[in-house]
Amino acid sequence: MAESTTTHQPLTGWNKPELDLSNAEWRSGSQGRGDVQIAFVEGFIAMRNSGKPESPSLIFSPAEWRAFVINAREGEFDLT
């Protein structure tokens with residue numbers, strides 16, 4: 001099987017900086033009951049899997065975060 005290398009290319013319209021999350025203060029997204037942690041960094045919201053903190057984090061602008069939370073509360077997303 002041949003090895004391949006993938007080069008990370010920024011998405012078109014991606015207006016988010018490369019955030020340094022190494023010193024972020026991560027908090028449970030569900031009062032300690034779930035697998036999601038969030039951190040507020042440089043005006044953005046980062047979300048990660050607490051079971052795999054080395055995995056990539058999702059980065060939301062405040063408007064994106066608000067839309068995500070509203071839709072999750074309405075049942076649009078399964079957060080379990």
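**Close-up views of a predicted model**

**View 1. The largest nonpolar core.** The largest nonpolar core has 8 residues, namely Leu 19, Ala 24, Trp 26, Ala 39, Val 41, Phe 44, Ala 46 and Ile 59. A nonpolar core is a set of buried Ala, Val, Leu, Ile, Met, Phe, Trp, Tyr and Cys residues joined through side-chain atoms within 4.5 Å; buried means under 20% relative accessible area, exposed over 50%, and partly exposed in between (1.4 Å probe, protein chains only). Two or more residues of this core come from each of the elements β2 (36-41) and β3 (44-49). A second, separate core has 7 residues, among them Ile 38, Ile 45, Met 47 and Phe 60. This is a predicted model, in which local features need pLDDT of at least 70 and side-chain atom pairs count only at pLDDT 80 or more, while totals for chains, interfaces and linings use all residues. Residues are numbered from 1 along each chain as its sequence is written, and side-chain values use heavy atoms, with hydrogens and water left out.

**View 2. Surroundings of Ala 46.** Contact means heavy atoms within 4.5 Å. With neighbours within four places in sequence left aside, Ala 46 is in contact with Leu 21, Trp 26, Gln 37, Ile 38, Ala 39, Leu 58 and Ile 59. Of these partners, Trp 26, Ala 39 and Ile 59 belong with Ala 46 to the largest nonpolar core.

**View 3. The loop between β2 and β3.** Glu 42 lies in this loop. Its phi is near 50 degrees, a positive value in a residue other than glycine. Glu 42 counts as exposed because its relative accessibility is 57%.

**View 4. An aromatic cluster.** Ring pairs link Phe 60, Trp 65 and Phe 68 into a cluster. Rings of Phe, Tyr and Trp (its six-membered ring) pair if their centres lie within 6.5 Å; planes under 30 degrees apart count as stacked, over 60 as edge-to-face and the rest as tilted. The whole structure holds 3 aromatic pairs. The pair of Phe 60 and Phe 68 is tilted, because the ring planes stand at 40 degrees, with centres 5.3 Å apart. Phe 60 is buried at a relative accessible area of 12%, and Phe 68 is also buried, at 14% relative accessibility.

**View 5. The protein chain as a whole.** The chain has 1 helix and 4 strands, in the order β-β-β-β-α along the sequence. Helices (H or I, at least four residues) and strands (E, at least two) are DSSP runs, numbered from the N terminus. Of the 80 residues, 25% count as buried.
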